[in-house]
Amino acid sequence: MVGVYFSGTGNTKHCVERFASEIDSEAKCFSIEDTQSVSELARHDTIIFGFPVYYSNIPKIAKDFIAQNSECFRGKKVFIIATRASFNAGGIVNAARMFKSCGGSVAGSLQLNMPNNIGDMLITKLVFSKNYEKIIERADRKIAKAARRFRLNKPVRSGLSVFNYILSGILSWLWFYPTTDRCIHAPAVDKAKCSGCGLCERICPMSNISVVGGEVVSGENCTVCYRCFNRCPQKALTVLGRKAYDQYKILQ
Ligand SMILES: Cc1cc2nc3c(=O)[nH]c(=O)nc-3n(C[C@H](O)[C@H](O)[C@H](O)COP(=O)(O)O)c2cc1C
Ligand code: SF4
Ligand code: SF4
């Protein structure tokens, strides 16, 4: 068994590692940003694949990874883990469709509420609870339960109900749904705050940021993961909103 995940800000990494270690203390987990992840996928028959839900969908970076390495999923059993702030309509359904079209089978799925990582929009700041430790503890208990069921060969299948299939069909007609497929021009930088330290350039999983002559230049290849926003030591970046309210750093 191997765990493979994309995690912008640490939630999904935490959940995949915890689930894998509850099942097999020797199991290793790799980020899709790690070049070793592909060879590890090829070596294992059971894969735990994790991603954060963006707009009720799979992030572009994770979708591209599955499509580019489709051969590694052929004939494999995939257990899907999706983390979210509160609601996932079609993320797991769409991932399951992708794994099936690669020739893999879905062994089960788990959706987990984790802290919201968008801190530059007033609406998310107002709606989501700030009790992050409690949210993580609850997710950890859910992971332990799901791992027990996996060991008993009765894996959970959350996010794969008829309701999810119907909602994913309806959502695919709405304007925001393909946002994850279109990489966007982000982030915006407040030049007065930016120190030119280069951290955002080093950590961006899409190589979407460069610091040229001390100034941040942002490309059009952003997967909206919010890593740069949450890690910037000067709170100088914003992604979808235009004001840095909170940075989420607990699991990074
Ligand atoms: C661009 C974007 C879109 C998001 N969309 C949703 C969503 O549709 N539903 C939801 O419950 N959470 C949503 N979230 C919250 C994340 O899914 C959640 O915080 C996740 O656990 C982050 O995982 P990570 O730390 O592994 O990146 C979104 C986050 C981002 C950055
Ligand atoms: S991490 Fe923040 S301060 Fe550092 S270069 Fe990027 S925007 Fe500027
Ligand atoms: S620019 Fe920021 S939000 Fe966009 S992919 Fe890079 S780190 Fe993630």
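The centres of domain 1 and domain 2, taken over C-alpha atoms, are separated by 25 Å. The assignment places domain 1 at residues 2–171 and domain 2 at residues 179–238, with bounds that come from an automatic or database domain assignment. This is a predicted model, in which local features need pLDDT of at least 70 and side-chain atom pairs count only at pLDDT 80 or more, while totals for chains, interfaces and linings use all residues. Residues are numbered from 1 along each chain as its sequence is written, and chains are lettered from A and ligands numbered from 1 in the order in which they are written.

Where the domains meet, 14 residues of domain 1 are in contact with 14 residues of domain 2, contact meaning that the C-beta atoms of two residues, placed from the backbone, lie within 7 Å. On the side of domain 1 that touches domain 2 there are six nonpolar, five polar and three charged residues; here Ala, Val, Leu, Ile, Met, Phe, Trp, Tyr, Cys and Pro count as nonpolar, Asp, Glu, Lys and Arg as charged, and the others, Gly among them, as polar.

Ligand 1 lies between the two domains, because domain 1 (2–171) and domain 2 (179–238) both give residues to the shell around this ligand. That shell has 24 residues, of which G8, N11, T12, P52 and R84 come nearest, a residue being near a molecule if its C-beta atom, placed from the backbone, lies within 6 Å of it. Helix α1 (11–23) and strand β4 (77–84) are the elements that give two or more residues to this shell; helices (H or I, at least four residues) and strands (E, at least two) are DSSP runs, numbered from the N terminus. By class, the shell around ligand 1 holds 11 nonpolar residues, 12 polar residues and one charged residue.

The other two ligands have shells of their own. Around ligand 2 there are 15 residues, and C194, C197, L199, C200 and C232 come nearest; the shell divides into 11 nonpolar, four polar and no charged residues. Around ligand 3 there are 16 residues, with C204, C222, C225, R227 and C228 coming nearest, and its classes are 12 nonpolar, three polar and one charged.

To return to helix α1, N11, T12, K13, H14, C15, V16, R18, F19 and A20 are buried there, where a residue is buried if 20 or more other C-beta atoms lie within 10 Å of its own, exposed if 12 or fewer, and partly exposed in between, with C-beta atoms placed from the backbone. The buried residues of α1 pack against β1 (2–5), β2 (28–31), β3 (46–52), β4, β5 (105–113) and α6 (132–151). One of them, F19, touches I48, I81, I143, A146 and A147, not counting residues up to four places away in sequence.

F19 is also, with I80 and I81, among the residues with the most contacts inside the largest nonpolar core, which has 62 residues. This core draws at least three residues from each of domain 1 and domain 2, and such a core is a set of buried Ala, Val, Leu, Ile, Met, Phe, Trp, Tyr and Cys residues joined through C-beta atoms within 7 Å.

F6, in the loop between β1 and α1, is buried, because 26 other C-beta atoms lie within 10 Å. E137, in helix α6, counts as exposed, because it has 11 C-beta neighbours inside 10 Å.
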